[in-house]
Amino acid sequence: MSERTYLQAISDGLREEMRADERVLCLGEDVGDFGGAFKVTDGFLEEFGEQRVMDTPLAESGIVGTAIGAAVVGMRPVCEMQFADFIACGFDQLVNVAGKMHFRQGLAVPITVRLPSGGGFSGGPFHSQNPEAWFMHAPGIKVVAPATAEDAKGLLIAAIRDPNPVCFLEHKHLYRRVKGEVAAGTYETPMAARVARPGEDLVVIAYGAMVHTALEATEDLGGARVEVLDLRSLVPLDEAAILDSVRRCSKVVVLDEANRTCAAGAEVASLIAERGFEDLDGPVVRLSTPDVPIPFSPPLEQAVLPSVDRVKEACSELLDY
Amino acid sequence: MNSSTTETVAVTMPQMGVSVAEGTVVEWRKRVGDWVQADETICEISTDKIDSEVPAPATGRVTEILVEVGATVPVETVLARIDTAAAPGEPHADEHVEAEADAAAAPEPRPRRYSPVVQRIAAEHGIDLDAVPGTGRGGRVRKQDVLAAVEAHAGNGEPPMHIESPYRPQPAPEGAPDPAPAPEAEGDPRSRMRRAIGEHMLRSLRTAAHCTTIVEADFSAVEAGRSTLGLTYLPIVARCVIDALREFPALNATFEGDRLVRHTDVNLGVAVSLGDEDGLIVPVIQQAQLVSAEGLGRRIVDLAHRARAGELTNDEVTGGTFTITNPGAFGAIAATPIINQPQVAILDLEAVVKRAVVVTDERGADAVAIRPMANLCMSWDHRAVDGALAAQFLSAVRRNVEGWR
C-alpha cells in the first residue's frame, strides 16, 4: 500500500496491467513522447516501446477504429481521449461498430476508452463535459466512473479485462486533488456501487467527483445521518444497491455533474420511482448541471455546477420534508 | 318574510342508541336566519359514547335555535326550528350568505396525505395514521414519526387493548403562554364520558345482583398457538368464550325490562381503554360466533384503533350480549368487574403469569411444573343465573383455553 493520487493510481493500473498482460497496449494523441496530456502515460514509451505505446494523429475515429480492429484479433487496447469531449469524433466507431460487434458478428471487442471528463477548472464548453449518458444509452458498452484512487486503479484494470467495450470516465478535477491508499499489484474493483458513508435519514446517490461534493455537503447537517452511495459503475447500474439504500433511508437526492436531461441520475431516479416507490418518504430530488454548455467564466462555471452549498440546501430541505 | 305562510319543522336531539338518553350540543353550524338544505349538517352533538352531526330534516330557513352550545338535553328535545315555506332568495336581516365564500377563504385543513413508505409501515403494523403526530413540514407524518408510533405500539409486548392511546394533542405553539386550566365545562367530552361511565356503573351495581366467580386456567396451549397465529391472548380467549356461550346460552342474554332474553348471536363487547384519563368504551363485534380467532384479533385491533380515533359508529357500540375486559395487560391478577347493563355477565381476563402448579401425567404421577397461568374472573347477575351455572360456564372456558389448538 502506498498513498497515490487519483492520477497516479490510473497510471499505475495501466502500467501494471501492461506488465502483467502483453496483449494490453495504449494509443492516443501524445501518449508516447509527451506522456499524455495529463501525464498518465509518462515513461510508458521507454518501458513498453512504440509497438505498445502508440502516438496517433488527431483523429478520434481512427483511434477507436484501430483499437477495435486490434481487439477483434486478440489485443486489449486502451484508448486515451485527451478530453472526454473529443469522443464525439469517435462516436460512430464506438457506438455503432464496437457496441454492436458482439450482437452482429459474435465478436468480443475488449477495448477501454479513457475519458478525462468533468469541469471545475475553467476549461470551457469543449473541455469540461460529462458525456457518460451518451454511452449509457447505447447498448453494448459498459460505463464506469471511479471517485477514489483505489477504485480508479481497480476499475481501470477491471475495464481492461472486461470482454466488452468500456468507457472509463476519469474525472480531471480529481486527478491531483484526491489521494488515497492504493494496493500494489493488479486487482479488480467490481463494477458495482459502494456505500461511501452509511446513513439512514437520507441518501445522496452520486458518482465521480460528485461523491466528494456529496460527502462534504452532508458531513454536518444538524446531526442527520446521511448516506452517500458511490455508484462507481453506470452500466451495469447496481440496482440492488440503489434500492437497498432507498429502503433504508427513504429520502433520496440524486446528484450528477452532467447536464440534467437524460443524465445518469435520471435513470437512477426512474428506477427508484418504479421499484422503490413503497420505500419513499419524499420526492426523489435531482441535482445536476442545467442544460447549458459549461461556461469559461470561473464564477459562471461555479454557478452551473452542483456545489457543496446547493447539495446542503437540497438535503436540508428534503430532511425537513 | 311572509309569516302567514310559515310552516316550521322541528330539529330534535336524535336517539343515538337504546341506552343513550341525552346529548350535548357541541357546535351550531347555522345561525338564526341562515338558509339550510335538507340533510345539510345543522349542528354537532355529542353523547356519552359518540360524537355525531345532526342533519337538517328539511330545506328552509332557520327561525329559532332553542338549545345553546354546551347544553345537555334529553333525546327528542327540540333543538331548532326551520321555516320550510321561506324562499332562498328572500332577503333576511341576518342572512348568513357568505357560508360558501367563507369555506373557500378559510379552507378546512388539508386532508393529511401520506408518503408510500409511511402508508406501508402503517399497514404492516396496524398503525392508525390519523392519530400519529407529524413532525415534518406542515405537520406532515414522516417515516420517523410512524416508526416512533410503531415502537410505542410494540414497546408493550402483548398490549393491544389496554394500552395508552397513541393520540397526542397538538403541542401548544412555541412561545404561547401556558394554556389556562380547562374549565369544568359541561361540554368537555372527557368529563362527560367519565360522568357517563360512573352513572352507568352505579346503575349496574344498583340493578344487578353481582357475584364474581374465578377459575384458573393453564395457558400453555394458548401460548403455543398464539405465537404461530401472531395473535395476542385476547382474541383466543374471546373465541373460547364464544364457544362456551353457545353451550350456556343463559349467559348470552340481556334483560329487557323484567324479561330475560337469550340471544342466538353472540355480540361480543370488548372493553377498550381510551387512555389513562380518557375513559373506556366497549365496541361490539356483531355475530362474533361466525368469526375465527384470527378474525377476532383483526376486528379487535380495528375497533380499538377507531375507538381511540373517535370514529366508531353507533352500531359498533350497541347491541352487545356479553362483554370481555382485559386489564391483565397491566399485571393485575384478579378483579371483580361490573356487569355492562343490560347484559348478565362480564368476563375479565387477567395477566398470564408463570406459576408453579401441580400437574398430573398420564400415569397419575404428580409433579410441580412451571406453567403460564391466568385467572378468568366473571361477574354474573344472580337475577339471571346461579353460581353452579357460572362455574360450569367458566370450566367450559377453561377447557377450551387449555385444549386450544
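Reader: Let's start with strand 1 of chain B. How many bridges join strand 1 to strand 8, and which way do the two run?
Author: Strand 1 and strand 8 (residues 78-83) of chain B are joined by five bridges, and they run antiparallel. One of the residues involved is Thr8(B), whose bridge partner in strand 8 is Asp83(B). Keep in mind that this is a predicted model.

Reader: What order do the strands take in that sheet?
Author: The order is 1-8-6-3 in chain B, an open sheet of four strands with antiparallel pairing. Strand 1 (8-12) and strand 3 (35-36) are the edge strands, each pairing on one side only.

Reader: OK, and what is chain B made of overall, in helices and strands?
Author: Chain B has eight helices and 19 strands. It runs to 405 residues, of which 33% count as buried. Taking the contacts in chain B with a separation of 6 or more, 66% come from residues 24 or more positions apart.

Reader: Now confidence. What's the mean pLDDT of chain B?
Author: The mean is 80, and 81% of the residues in chain B reach 70 or more. Residues 96-106 of chain B are below 50, and that stretch has three contacts in the model beyond near neighbours in sequence. Residues 157-169 of chain B are also below 50, but there the model has 32 contacts beyond near neighbours in sequence.

Reader: And for the complex, what ipTM and pTM does the predictor give?
Author: An ipTM of 0.78 and a pTM of 0.55.

Reader: Speaking of the complex, how many residues of chain B are in contact with chain A?
Author: Ten residues of chain B are in contact with nine residues of chain A. On the chain B side, helix 2 (residues 116-125) gives the most, with four residues. By type, the chain B side divides into three nonpolar, two polar and five charged residues.

Reader: What follows helix 2 of chain B?
Author: Gly126(B) does, and its phi is positive, near 60 degrees.

Reader: Why does Gln287(B) count as exposed?
Author: Gln287(B) is exposed because it has 11 other C-beta atoms within 10 Å, and the label applies at 12 or fewer. Ser122(A) has 16 within 10 Å, so it is partly exposed.

Reader: Cis peptides next. Which bond in chain A is cis?
Author: The one joining Val235(A) and Pro236(A), with omega about 0 degrees. Pro236(A) lies in the loop between strand 12 (233-235) and helix 8 (239-249) of chain A. Over in chain B, the bond from Gln341(B) to Pro342(B) is cis, with omega near 0 degrees. Pro342(B) is placed in the loop between strand 16 (322-325) and strand 17 (345-349) of chain B.

Reader: While we're in chain A, how do strand 13 and strand 14 run, parallel or antiparallel?
Author: Strand 13 (residues 252-259) and strand 14 (residues 285-289) of chain A run parallel, joined by four bridges. Within that pairing, Val253(A) has Val285(A) as its bridge partner in strand 14. From strand 13 the chain crosses through helix 9 (residues 264-275) to strand 14 of chain A, and this β-α-β crossover is right-handed.

Reader: Last one, Arg383(B). Where is it, and what does it touch?
Author: Arg383(B) is in the loop between strand 19 (366-381) and helix 8 (387-402) of chain B. Not counting residues up to four places away in sequence, Arg383(B) touches Ala208(B) and Ala209(B). Arg383(B) is also 9.7 Å from Phe255(B), C-alpha to C-alpha, with the two 128 residues apart in sequence. With 13 other C-beta atoms within 10 Å, Arg383(B) is partly exposed.

Methods. Residues are numbered from 1 along each chain as its sequence is written. Chains are lettered from A and ligands numbered from 1 in the order in which they are written. This is a predicted model: local features need pLDDT of at least 70, side-chain atom pairs count only at pLDDT 80 or more; totals for chains, interfaces and linings use all residues. Two residues are in contact if their C-beta atoms, placed from the backbone, lie within 7 Å. Ala, Val, Leu, Ile, Met, Phe, Trp, Tyr, Cys and Pro count as nonpolar, Asp, Glu, Lys and Arg as charged, and the others, Gly among them, as polar. Two strands pair if DSSP finds at least two bridges between them. A crossover is right-handed if, with the strands pointing away from the viewer, the path from the first strand over the helix to the second runs clockwise. A residue is buried if 20 or more other C-beta atoms lie within 10 Å of its own, exposed if 12 or fewer, and partly exposed in between; C-beta atoms are placed from the backbone. pLDDT is the predictor's confidence in each residue, from 0 to 100.
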